[in-house]
Amino acid sequence: MPEAARAALPALFISDLHLSEDEPANVEAFLAFLEGPAREAASLFILGDLFEYWAGDDDLATPFNARIAEAIRTLSCSGTAVHFMTGNRDLLAGPAFATAIGATLLDDPACVRFGDAANAPVLLLSHGDALCTDDLAYQAYRRQVRDPAWQAGFLAEPLAARKAFIASLRQKSETAKAGKSMEIMDVNAEAVAALLRSHDYPIFVHGHTHRPDHHALKVDGRECARHVLSDWRGAACWLAFDGSRFSAHTGTSAG
């Protein structure tokens, strides 16, 4: 198991904002969050699907993307350490994007230790889509688009062609999801147990499923906890951790 990354408390966790120009309420909620609650945190973790889609780091010059990147970088420069993990919608965000927003790029999954003490809390973080193993079609797609050779070929295409492909893919995805049960699109209990087992049973935080909740579970006789982050629907939603307890928060809807 890789050594855990280090981060400071208090920490905030967000995911599944799906930012786009088509959803201005989410954008304004995010900008307000960066200027408000996030300024009071020592660490901010963005656990994937920050954007509705990300066609590649060469799209940073697009005015909308540049506006979001600059806002996050302003937070980072103010003293809040930003950590970013890709999701399924923004899996092509890479080192150039992380540099632009002033963030540390995290692997998925990633263990993070909060403090230097021997008993300092360690959290396991993930976007969460890798655990939806009952959705066989999605997992086949996920393996394809995360293959380095596939990504290299895709990123070699012109930016306009990539955006057109992603637009068609998003439409197909919405059609496919309409025919799937929520259970199939949720995480698989055995996959969660295997992940916790392989990382020595830490507290687990993830997004992706859009089913925010706190789950107490037992794995191999060990008491475990799984916190699922909320998606954003015109209002900021975040999970806060002070080293001993978690608290879920929802901001005021924009507009």
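Strand β9 (residues 213-219) is joined to β10 by seven bridges and runs antiparallel to it, where two strands count as paired if DSSP finds at least two bridges between them, and strands (E, at least two residues) and helices (H or I, at least four) are DSSP runs numbered from the N terminus. The two strands form a hairpin with two residues between them, and Asp220 in the turn has a positive phi of about 55°. The model is predicted, so that local features need pLDDT of at least 70 and side-chain atom pairs count only at pLDDT 80 or more, while totals for chains, interfaces and linings use all residues. Residues are numbered from 1 along each chain as its sequence is written, and side-chain values use heavy atoms, with hydrogens and water left out.

Strand β10 (residues 222-228) is mostly covered, five of its seven residues being buried, that is, under 20% relative accessible area with a 1.4 Å probe and protein chains only, as against exposed at over 50% and partly exposed in between. With β8 (residues 203-206), strand β10 pairs in the parallel sense over three bridges.

| Residue | Opposite residue | Strand of the opposite residue |
|---|---|---|
| Leu217 | Cys224 | β10 |
| Val205 | His227 | β10 |
| Ala240 | Ser247 | β12 |

An open sheet of six strands has the order β5-β4-β3-β2-β11-β12, with mixed pairing. Because β5 (103-105) and β12 (246-250) stand at the edges with a single partner strand each, one side of each is left without a neighbour in the sheet. From one strand to the next the twist averages 25°. Strand β11 (residues 237-241) and β12 run antiparallel and are joined by five bridges. Helix α1 (residues 24-35) packs on the sheet, touching β2 (11-14), β3 (43-47) and β11, and its direction makes about 170° with that of β2; contact means heavy atoms within 4.5 Å, and axes are lines fitted to C-alpha atoms, for helices over the stretch in contact, with angles from 0 to 180 degrees between N-to-C directions.

The largest nonpolar core has 41 residues, and Phe30, Phe33 and Leu50 have the most contacts inside it; such a core is a set of buried Ala, Val, Leu, Ile, Met, Phe, Trp, Tyr and Cys residues joined through side-chain atoms within 4.5 Å. Elements giving two or more residues to this core include α2 (63-78), β4 (81-85) and α3 (95-101). Leu50 touches, among others, Leu17, Phe30, Ile72, Phe84 and Phe97, residues up to four places away in sequence not being counted. Another core, of 17 residues, lies apart and includes Phe13, Leu47, Leu123 and Leu239.
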